Amino acid sequence: MAAFDPDKEIPRHIAIIMDGNGRWARERGLPRREGHRTGAESVEIALETCGEIGVDYLTIYAFSSENWKRPEAEVKALMGLLAHFLKEKTSSLIKNNIRLRVIGQIDKLPKSNQKELEKSIEATAGNDGLTLVVALSYGSREEIVEATRSLMKKAQDGELDPGNLDEATFAAQLNTAAYPDPDLLIRTSGEFRVSNFLLWQISYSEIFITKTLWPDFRRDNLLEAAGEYQKRQRRFGGV
Ligand code: IPE
Ligand code: IPE
Ligand code: MG
């Protein structure tokens, strides 16, 4: 196991595909929502741990644009958990100097969730510690198509010369324009895929895949991932 060293490079931005809640529940003969509920505790621990080691951005994949395909009762349970988290935890986000942000098609969420999110985002807007970015109804292809649409509109309106379009101009149209690219991408539950998460942004992220299911992913697991990151040699195509 890679030991984390606080004196070595800390990933500035960690992104997590929090997978395996359903399997965790099934292993225990519990309903899937219990996996999601315990998974929410792992989110709190990840936040604490990122704060402790000095990570600047934590982006968590909480609900994908494809997750709407799940049974209505499960979608409801997830939205209920989000509402619960925002109600119960916004004060601790404020206390811990955490700034909450979201990416994804937020207008697809139930209105009550949208309101709660707005309130928490506003209440934490002045914080300058860790930024927590929650991906909700997020799909990377959707995001890229949306960015392309707005760039085409700009070109049509004569505000952008297609010949001048470059990577920075494109990235500025993405939901993540305000954040650096993830340094470290973690996926729990052992699946070797990215499931439509931050396709553009993870071009040069270091990837850490663990069999640990998200509800079991706690402080030591995050430190292990950060320790593994510290052993990697990033080259960005150079030597
Ligand atoms: C991740 O756990 C949570 C969400 C995708 C919302 P899953 O619900 O996908 O759990 P598994 O993959 O079925 O175990
Ligand atoms: C990815 O998990 C989405 C989130 C963690 C929110 P999924 O469980 O939806 O992904 P697949 O279906 O295994 O690819
Ligand atoms: Mg899954």
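An oxygen atom of ligand 1 lies 3.4 Å from a polar backbone atom of G20, a polar contact in the sense of a pair of N or O atoms within 3.5 Å; inside the protein, one atom of such a pair must be able to donate a hydrogen and the other to accept it, and residues adjacent in sequence count only if both atoms are side-chain atoms. The model is a predicted one, in which local features need pLDDT of at least 70 and side-chain atom pairs count only at pLDDT 80 or more, while totals for chains, interfaces and linings use all residues. Residues are numbered from 1 along each chain as its sequence is written, chains are lettered from A and ligands numbered from 1 in the order in which they are written, and side-chain values use heavy atoms, with hydrogens and water left out.

Side chains also reach ligand 1. An N or O atom in the side chain of D19 is 2.8 Å from an oxygen atom of ligand 1, and one in the side chain of R32 is 2.9 Å from an oxygen atom of this ligand. On its own, ligand 1 has 380 Å² of accessible area, of which the protein covers 87% (areas by the Shrake-Rupley method with a 1.4 Å probe; for residues, only the protein chains shown count as cover).

The shell around ligand 1 consists of 13 residues, the closest being D19, G22, R23, R32 and R70 (a residue belongs if one of its heavy atoms lies within 4 Å). Helix α1 gives the most to this shell, with three residues (helices are DSSP runs of H or I with at least four residues, strands are runs of E with at least two, and both are numbered from the N terminus). By class, the shell has three nonpolar, five polar and five charged residues. Here Ala, Val, Leu, Ile, Met, Phe, Trp, Tyr, Cys and Pro count as nonpolar, Asp, Glu, Lys and Arg as charged, and the others, Gly among them, as polar.

Ligand 2 comes next. Its surroundings include I17, M18, D19, Y61 and R193. Strand β2 (residues 57-64) supplies the largest share of this shell, four residues. Taken alone, ligand 2 exposes 390 Å², and the protein buries 79% of that.

On a 1 Å grid over the protein atoms alone, a pocket is an open set of points where a 1.4 Å probe fits, with protein on both sides within 12 Å along at least five of seven lines, and lining residues have an atom within 4 Å of a point. The volume of the largest pocket is about 800 Å³ (the space filled by probe spheres set on the points, which are joined across faces, edges and corners). Of its 37 lining residues, M18, N21, Y61, A62 and F63 are the closest to the centre. Helix α3 contributes the largest share of the lining, six residues.
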